[in-house]
Amino acid sequence: SELQDVRTRMLGLGFVDQGKADMVKLAASSERQVRKGAALELVSWHLNQNTREGAREALNYLSIVTDKETDPGITRRAGLLEAEDAGVLVVAEADRVRFTHPLLASAIYGAASPERRRRLHERLAELSDAEERARHLVLSTTEPEEAVGAELEQAAARAAKRGAQEAAAELFSGACRLTPDGRAEELARRELGRATALRALG
């Protein structure tokens, strides 16, 4: 296909600049699938440059990829790329998400709006498990919500049990913040957990 031919040239065989220029043209195609496929290739290419300028260019093309998209495979990949672009994610290895991005983290994540950060952490919570999921829930939930508070409490208890008291205190604090009014018993238990973890830290 034309998209595959351009991709091959863009990735190296002596025609990088021309291949990229052709891919940019395809990203403006009137054919939806061609446009989205080209945009996704450009997102990946720019992100792999590991530069701030590349990160910003990746964001521009990501909006084309996600526009009115319903395919869960594409939206999941786009979500991972957006999170990586924002400096909170690098790759998924063996279905696990690693969190680090040496060049982009402070510049890109720091410049993101609070709402964009919240959406990113919401997506990452869906992709993560156990303690990592709980950390992202803390950052993506702004209003008290008992179900989230309970999940954070469980993650905090697991962290405390394995001796990670700093993580436990942080998660218990998040659980306290998200405990709704009228849940005195739950709040007291979570505050006790936080105090116990902090005391263990010395």
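Author: A helix axis here is a line fitted to C-alpha atoms over the stretch in contact, and angles run from 0 to 180 degrees between N-to-C directions. The model is predicted: local features need pLDDT of at least 70, side-chain atom pairs count only at pLDDT 80 or more, and totals for chains, interfaces and linings use all residues. Residues are numbered from 1 along each chain as its sequence is written, and side-chain values use heavy atoms, with hydrogens and water left out.

Reader: How many helices and strands does the chain have?

Author: There are 11 helices and 2 strands, where helices (H or I, at least four residues) and strands (E, at least two) are DSSP runs numbered from the N terminus. Their order along the sequence is α-α-α-α-α-β-β-α-α-α-α-α-α.

Reader: What share of the chain counts as buried?

Author: Of its 202 residues, 41% are buried; the term means under 20% relative accessible area, with exposed meaning over 50% and partly exposed in between (1.4 Å probe, protein chains only). The chain exposes about 11,300 Å², of which carbon and sulfur atoms supply 51%. Among contacts (heavy atoms within 4.5 Å) with a separation of 6 or more, 49% join residues 24 or more positions apart.

Reader: Why are helices α8 and α10 called oblique to each other?

Author: Helix α8 (residues 130-140) and helix α10 (residues 165-177) have axes that come within 10 Å and cross at roughly 45°. Angles under 35 degrees count as roughly parallel, over 145 as roughly antiparallel, 65 to 115 as roughly perpendicular and the rest as oblique. The angle of roughly 45° falls in that remainder, and α8 and α10 are therefore oblique. The crossing is left-handed, a term for a near helix turned anticlockwise from the far one by less than a right angle (right-handed if clockwise).

Reader: Which residues of α8 and α10 meet?

Author: From α8 come E131, A134, R135 and V138, and from α10 come A167, E170, L171, G174 and R177. By class, this contact has 4 nonpolar, 1 polar and 4 charged residues. Ala, Val, Leu, Ile, Met, Phe, Trp, Tyr, Cys and Pro count as nonpolar, Asp, Glu, Lys and Arg as charged, and the others, Gly among them, as polar.

Reader: What makes α9 and α10 antiparallel or parallel?

Author: The axes of helix α9 (residues 146-161) and α10 come within 8 Å and cross at roughly 165°. This angle is over 145 degrees, and the two helices are therefore roughly antiparallel. Their crossing is left-handed. On the α9 side the meeting residues are G149, L152, E153, A155, A156, A157, A159 and A160, and on the α10 side they are Q165, A167, A168, L171, F172, G174 and A175. This contact divides into 11 nonpolar, 3 polar and 1 charged residues.

Reader: How do you know whether G174 is buried or exposed?

Author: G174, whose place is in helix α10, has a relative accessible area of 4%. That value is under 20%, and G174 is therefore buried. Leaving aside neighbours within four places in sequence, G174 is in contact with V138 and L152. The C-alpha atoms of G174 and V148, 26 residues apart along the chain, are separated by 9.3 Å.

Reader: Why is α9 described as roughly parallel to α11?

Author: The axes of α9 and helix α11 (residues 184-201) come within 11 Å and cross at roughly 30°. As this angle is under 35 degrees, α9 is roughly parallel to α11. The crossing is again left-handed. In this pair, E146, G149, A150 and E153 of α9 meet E186, R189 and R190 of α11. The residues of that contact divide into 1 nonpolar, 1 polar and 5 charged.

Reader: Why does E122 count as partly exposed?

Author: E122 is found in helix α7 (residues 114-127), and its relative accessibility is 36%. This lies between 20% and 50%, and E122 is therefore partly exposed. Its C-alpha atom and that of H136, 14 residues apart along the chain, are separated by 6.6 Å.

Reader: What makes L26 buried?

Author: L26 lies in helix α2 (residues 16-26). Its relative accessible area is 9%, under the limit of 20%, and L26 is therefore buried. L26 and K36 are 10 residues apart in sequence and 8.8 Å apart in space, C-alpha to C-alpha.

Technical notes
Accessible areas come from the Shrake-Rupley method with a 1.4 Å probe; for residues, only the protein chains shown count as cover.
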